[in-house]
Structure formats: structure tokens, C-alpha cells
Amino acid sequence: MGYFEIEGPVRLEGDVEVSGAKNASLPILAASIISDSKIRLENIPDLLDVRTMMDILRSVGMKVSFSSGKVEISPPVSPNTDVPYELVRKMRASFNVLGPLVAKYGKAKVALPGGCSIGVRPVDFHIEGLKKMGFDIEIEHGFVVAKRRKVRDARITLPKSSVGATEHLMTTAAVLDGVEVVIENAAMEPEVVDLQEFLRKLGADVEGAGTSIVRVQGGVKSSEAYHKVIPDRIEAGTYAIAIAATRGKGTIRNMLPEHLNSLWEFLEKSGVNLEIGRDLVKVSMSERPKPLSIDVTPYPGFPTDLQPQMMAFLSVAKGTSHIRENVFHARFLHVDELRRMGAKIELSDSTAIIEGVQKLSGAPVNGTDLRATAALVIAAFMAEGKSEIHHVEHIFRGYESVIEKFGKLGGSIRYTEVNEYED
Ligand code: UD1
């Protein structure tokens with residue numbers, strides 16, 4: 001628990017280095033369960049969510065060491081396949097250990113992930129997919145209990161291109177020797193491609209990641225593996241938007257610009273100057289943005305994980321913008337908070353209508369989830385006067401060294417930890 005104090009307006013200027021991708025690290029850590037040998041990972045960000053996943057692996061009995069972005073993992077001597085509710089409750093992605101555990105050890109019991117502040121996020125696609133591969137799945141007292149009986153070839157068509165379900169089913173299928181699993185309407189996100197690279201290093205025959213059809217021929221070889229995860233495109237995008245929103249000038253380094261083509265397109269349309277290099281992007285902006293109409297869709301469309309930050313940016317556009325959220329229809333908790341800072345935003349179904357104002361004004365606001373909190377930090381740098389962002393701990397789930405990185409850009413954040421329950 002804690003809050004940030006930010007005095008605005010601030011023009012963010014300078015360089016920022018992007019960390020390894022949270023959303024690639026989590027499924028890759030979960031997939032390390034299927035290996036019989038030692039695994040070394042690099043470029044793993046030090047984040048609360050990553051630490052939770054490591055605690056889950058430890059609860060299974062695996063040895064995990066983590067220092068300066070490097071992780072070493074060894075398989076368990078006597079595996080425990082019951083994952084405690086306490087760990088699953090903290091993070092939805094922890095559910096993705098169910099398939100690897102049951103496929104490798106024959107049984108698993110993992111708590112059902114609860115609701116989440118950005119709306120109901122069910123796991124029905126995951127469960128249906130596992131059933132299609134032949135696993136027995138029962139839901140008992142809030143836990144999913146899975147058993148491996150006779151596994152079989154499967155063709156699974158996801159009703160929606162879910163990132164988590166694609167990754168979970170790919171990893172599970174990778175264990176199943178002699179079985180072929182085809183996932184249709186698979187998510188095409190770069191993190192799915194990175195997981196495919198990792199599963200190949202474990203010996204599984206996986207192809208198609210990055211397209212809508214992923215094919216897995218199961219079978220893991222017993223050999224040590226090394227993998228370096230891709231840079232975090234959402235972290236990179238957040239800093240790019242922050243620099244543009246504060247009419248600053250800066251360079252985002254150590255990133256893969258091709259993972260954010262939809263963002264660059266929209267930023268350029270709104271008047272931001274971009275220089276796109278091989279592994280860096282230079283961003284500068286000197287005026288109020290032009291308004292935009294954005295449809296948030298799965299990759300390669302505009303990412304839902306940058307929707308709140310983009311809304312902060314557009315809140316001072318010269319005209320009215322529209323953002324339609326097609327991935328998480330209820331992902332609008334930041335709207336009320338941005339309004340407290342003077343933004344003029346109306347909601348109509350899953351569309352936010354943002355009437356640009358001259359400027360925002362600092363206010364006390366509440367962080368409600370990871371990306372909403374990032375949006376409020378951006379808004380606080382844009383706004384005139386002091387903002388206090390409460391419940392700011394969400395940001396530490398997804399942004400490594402966030403105070404230091406904004407500090408390097410000239411954006412000072414004062415963090416006060418609050419030990420007692422605030423409200
Ligand atoms: C992942 C990302 C998250 C991102 C999201 C969408 C990780 C750890 N998290 O979350 O940052 O915001 O992708 O890009 O990688 N759905 C179902 N049933 C299911 C599974 C999903 O109905 O069984 C629905 C969801 O409610 C949502 C849509 O499918 O509407 C996409 O969700 P999904 O891609 O699964 O999100 P996550 O993998 O949880």
C-alpha cells in the first residue's frame with residue numbers, strides 16, 4: 001500500500017531503457033514446469049507478478065534463484081501439485097500452471113482465479129481446451145481439480161483469441177508425447193511467439209505462433225535450456241505515450257519497435273514526431289494532440305494494455321476522440337479518476353468519448369489496476385498542480401523501477417508507503 005505525489009506539469013525528457021516483458025516472462029516461467037532439466041532465463045523483470053509466479057514454482061518444489069534479471073530453475077525432487085489459493089488470488093496468470101502440472105505429473109489442483117477489477121475474466125476457454133485434450137477436469141469448492149487419463153489429439157477453436165488460453169494450451173500440449181494439438185483462432189501476440197521459441201528450446205515441436213493457427217507436436221527432450229525474453233512492448237509504449245503527453249522529447253531504448261506498429265500509427269496521426277530505429281524509438285511532441293478514433297483489438301491491433309494511457313494523452317486533444325474497447329469491455333475504471341483531474345469523458349457501452357480540454361489539473365485519485373495507474377501517473381505529469389495517486393501498488397506489478405525510470409526522464413515521483421489499511 002502507498003501513494004505517489006507528483007507535481008505537474010512536467011516535460012519528460014531523456015532516455016529510458018525497456019525491461020524484459022512481464023507478459024512473456026510469466027508464461028515462460030509457468031512453462032518451465034514441463035522441463036526435467038535446468039533452465040536459465042535472462043531479461044526477466046523484477047516485478048510483483050513475476051515474484052508471485054516464482055513463488056508458485058517454489059510451492060511446486062522447484063528451485064528458483066533470481067538476481068539482476070537472471071533466473072535459474074531446477075526441477076522438483078518431489079513435486080507438489082496443489083497450488084495454494086493465496087498465490088492464485090494475487091494474479092490471474094498463475095492459473096496457467098494447471099495444464100503443465102497435470103500433463104507432467106498426472107494430477108493438479110489449482111484455485112480458480114477470482115474476479116478482477118477490469119471485469120470478469122473467465123477461464124472457460126482454458127478448461128474446455130484441456131478437456132478436449134482428454135484431461136478430466138472437475139470444479140470443487142473453488143478449485144479446479146485435473147487428472148491425466150488418456151490424452152489424445154485435439155483441434156481446439158478458441159471462441160475469442162485469448163492470450164492466456166493460447167499459451168496455457170500450447171504449453172500443456174508440449175508435454176504430451178505423440179499427441180498433436182492444433183489451436184485455432186490463437187492469439188497472435190509477440191509474447192505467444194516468445195513462448196513458442198522457449199518451448200522449442202525444451203524440445204517440443206511447435207509452429208504457427210504469430211498466426212491464428214498454432215500446431216504442437218508434444219514431446220520434451222531432457223536438455224538444459226537458455227532463453228532471453230523479449231522487451232516489454234507495453235512498458236515501452238507507456239513511456240512513449242508519457243513523453244508525447246507531456247510534450248517532451250526522449251528515446252525509448254532496448255525495445256522492438258515492430259511490436260508496437262499500431263501505437264506508432266496512432267501517435268503519428270495525432271501529431272507526434274517519431275524516429276523509429278532497429279531497437280529504439282525517438283519521440284517528441286510540441287503541441288496539443290489531434291483527436292483520434294481508436295478501436296482496441298487483439299494483436300496486431302491497438303493493445304488494451306495501452307488503452308488507459310492513450311486516454312490520458314487524448315484528454316487534452318484539440319477535439320473529440322473515441323476509444324472503443326473490444327477486449328475487456330469494462331476496462332474503464334480510470335475514466336472517473338481522469339474526470340477528477342478535469343478530463344471530459346463520457347461512456348457509451350464500450351466506447352469512451354473524450355472531449356479534449358486545454359489542460360488537466362492535479363487532484364487526489366485512486367489507482368484501480370495496473371494500466372489505469374500508469375495512465376494516472378501520465379495524467380499527473382501532464383496536469384497543473386499536485387496529484388496524489390493512492391493504491392499505487394498496482395504499478396509495481398508491471399513496471400520495473402518505475403520511480404527511477406520516470407526520475408531519469410525528469411519526472412519526480414514521491415512515494416510514501418502506507419502500512420495500515422487506508423480506507
Ligand atoms: C493477457 C495479458 C493482459 C492483456 C490481455 C489482452 C498476460 C499475463 N496478461 O491477459 O495483460 O490485457 O492478455 O491482451 O499475458 N476470455 C474468456 N474466457 C477465457 C479466457 C478469456 O471469455 O477462458 C476472454 C476475456 O474475458 C477477454 C478476452 O477473452 O475478453 C481476452 O482475454 P485474454 O487474452 O485471455 O487475457 P489474459 O490472457 O488474461
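Predicted model: local features only at pLDDT ≥ 70, side-chain atom pairs only at ≥ 80, totals over all residues.
Strands of a sheet pair through backbone hydrogen bonds, in either a parallel or an antiparallel manner. In this model, an open sheet is built from four strands, arranged in the order E10-E11-E13-E12, with mixed pairing. Strand E10 (154-157) and strand E12 (205-207) each have a single partner strand and stand at the edges, so one side of each lacks a neighbour in the sheet. On average, neighbouring strands of this sheet are turned by 10° against each other, direction ignored. Strand E12 is joined by three bridges to strand E13 (residues 213-217), and the two run antiparallel. Within this pairing, Glu 207 lies opposite Arg 215 in E13.

Two packed helices are described by the angle between their axes and by the distance between those axes. The axes of helix H1 (residues 22-31) and helix H2 (residues 48-60) come within 10 Å and cross at roughly 0°. H1 and H2 are therefore roughly parallel to each other. On the H1 side, the contact is made by Lys 22, Ser 25, Leu 26, Leu 29 and Ala 30, while H2 contributes Asp 49, Val 50, Met 53, Met 54 and Leu 57. By class, this contact comprises seven nonpolar, one polar and two charged residues.

His 334 belongs to helix H11 (residues 333-340). This residue has a relative accessible area of 1%, which is under the 20% limit, and His 334 therefore counts as buried. Its side chain makes a polar contact with the side chain of Gln 307 (2.8 Å). Neighbours within four places in sequence aside, His 334 is in contact with Gln 307, Pro 308, Met 311, Thr 368 and Ala 372.

Key. Residues numbered from 1 in each chain as written. Heavy atoms only, no water. Pairing = 2+ DSSP bridges. Axes fitted to C-alpha atoms, helices over the stretch in contact; angles between N-to-C directions. Buried < 20%, exposed > 50% of the residue type's maximum accessible area, 1.4 Å probe, protein only. Polar contact = N/O pair within 3.5 Å; in protein donor to acceptor, adjacent residues only side chain to side chain. Contact = heavy atoms within 4.5 Å. Parallel < 35°, antiparallel > 145°, perpendicular 65-115°, else oblique. Nonpolar A, V, L, I, M, F, W, Y, C, P; charged D, E, K, R; others polar.
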